[in-house]
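Please consult the sequence and structure shown here alongside the text.

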Amino acid sequence: MIIPPEALREDRSLAIHGGREPRPLPYEDTGVETSAADAVAEVVRTGRTSVWRGGPRARELEARFAALIGREGAFFHNSGSAALITGLHALGADEGSTVALACSGFVSAVNAVYHTHARPVFLPTDPITMVCERDPSSWVAEPIDICLVTQLLGNVVDIDGIMAATRATWLLEDASQALMSTLNGRYVGARGHVSTFAASSRKLMCTGQGGMNVYDDPELGERMRRVGHHGKAATHFGEVPGFNFRGGEMEATLGLAALERLAERAALRNRSAQAFKDVLASAGIPFAVPPAHLDCTVTWFDTAVLLPDTWLGSRDWLVKVLLAEGVPGWTYPSLIEMPWVQPWMRSRGWWGEREDALLARERALWGRMFVLGSQMSPEDARRCGEILAELITR
Ligand SMILES: *Cc1c(COP(=O)(O)O)cnc(C)c1O
């Protein structure tokens with residue numbers, strides 16, 4: 001049984017109370033393929049670490065990545081956040097458009113919507129899976145242009161359900177955490193008109209800094225490249241207001257090396273996630289699971305621990321307690337509760353009773369959740385589970 005926070009607060013033996021030495025944190029696999037150091041040095045010696053519209057290594061990474069996901073094309077960016085922005089632009093997000101945006105996501109998604117001037121219409125989180133609800137139709141009253149959903153934690157969303165409920169024209173998948181998860185026998189990211197994969201630290205394919213968009217329609221690819229290269233296409237004048245978002249050759253070299261070890265790394269991460277969950281399950285601590293109705297497999301990025309309501313307001317303290325005990329817990333907020341979001345939406349006349357209701361619901365859910373990453377050894381993950389269980393269950 002999970003004890004209430006008051007019971008743990010009295011425990012003077014906790015490292016956070018000075019009751020014992022803080023325990024060391026587990027080794028974290030950032031995903032940077034250190035064996036590629038010499039190959040990266042080769043790139044440096046060429047003196048051309050970045051090439052207009054992508055160098056040979058970036059092009060090779062794009063081709064291999066598109067083939068892996070089963071898509072026609074890919075565009076390598078200098079971050080996953082940049083990739084979300086070009087993806088939204090390519091799908092026509094602009095002043096006057098609406099983006100149905102899953103509250104379950106990483107902050108880059110709502111940042112990207114803001115920067116396109118489109119209006120977000122937030123979609124609720126399912127409390128069992130911690131990804132977007134399969135039927136969010138009661139939260140959507142207006143016509144939706146683009147649906148932006150995130151496979152948070154590596155967990156899989158019901159894309160058909162959400163697209164039917166929102167009746168959106170376009171789909172942008174943020175598959176950043178879900179590389180090698182599958183839905184209906186295909187890799188996640190196979191569905192979106194554009195699908196984004198971040199390649200930053202801890203991501204399964206890590207390039208240090210980087211992001212990848214996959215697509216089938218070459219026109220979408222061209223639009224993304226234009227936005228990502230200062231708005232320029234054939235001419236030397238910018239045709240649209242753009243950014244400098246292209247990925248570099250050193251990063252692409254790390255990406256190519258990471259692709260070689262993808263399957264091995266994915267299996268290891270899943271073993272670690274399972275070792276953690278085995279301990280949670282036997283201690284009676286709930287955690288987010290895949291949607292039972294979907295034909296899917298998950299490559300876990302994070303495991304979400306779901307605390308009971310009694311822990312609302314004490315979760316952040318627990319994360320600090322755990323850190324001192326050698327357990328690197330981490331939290332995500334719901335995207336609707338980002339402090340700047342409500343004032344911004346109010347100033348545009350986009351915040352109403354629906355948003356108030358959703359915000360209250362989302363806070364009550366995300367405020368009692370924290371995650372443990374799968375980027376550690378199964379032994380460390382098991383130890384983290386055991387320490388957690390020892391602290392919060394009796
Ligand atoms: C990491 C991540 C991003 C952002 O990627 P960056 O490369 O850090 O900009 C976007 N979405 C999700 C779900 C992520 O996990």
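The points below describe a predicted model, grouped by topic.

**Helix H3 and helix H8**

- Helix H3 spans residues 56–69 and helix H8 spans residues 249–260; their axes come within 8 Å and cross at roughly 35°.
- The H3–H8 crossing is left-handed.
- On the H3 side, the contact involves Pro 56, Arg 57, Ala 58, Glu 60, Leu 61, Arg 64, Phe 65 and Leu 68.
- These residues meet Glu 249, Ala 252, Thr 253, Gly 255, Leu 256, Leu 259 and Glu 260 of H8.
- Sorted by class, the residues in this contact comprise eight nonpolar, two polar and five charged.

**Ligand surroundings**

- The ligand is surrounded by 13 residues, of which the closest are Gly 80, Ser 81, Asp 174, Gln 177 and Lys 203.
- Asp 174 has a side-chain N or O atom 2.7 Å from a nitrogen atom of the ligand.
- Of the 380 Å² of accessible area that the ligand has on its own, the protein covers 90%.

Definitions and conventions:
Residues are numbered from 1 along each chain as its sequence is written. This is a predicted model: local features need pLDDT of at least 70, side-chain atom pairs count only at pLDDT 80 or more; totals for chains, interfaces and linings use all residues. Side-chain values use heavy atoms; hydrogens and water are left out. Axes are lines fitted to C-alpha atoms, for helices over the stretch in contact, and angles run from 0 to 180 degrees between N-to-C directions. Helices (H or I, at least four residues) and strands (E, at least two) are DSSP runs, numbered from the N terminus. A crossing is left-handed if the near helix is turned anticlockwise from the far one by less than a right angle, and right-handed if clockwise. Contact means heavy atoms within 4.5 Å. Ala, Val, Leu, Ile, Met, Phe, Trp, Tyr, Cys and Pro count as nonpolar, Asp, Glu, Lys and Arg as charged, and the others, Gly among them, as polar. A residue is near a molecule or strand if one of its heavy atoms lies within 4 Å of it. A polar contact is a pair of N or O atoms within 3.5 Å; within protein, one must be able to donate a hydrogen and the other to accept it, and residues adjacent in sequence count only if both atoms are side-chain atoms. Accessible areas come from the Shrake-Rupley method with a 1.4 Å probe; for residues, only the protein chains shown count as cover.
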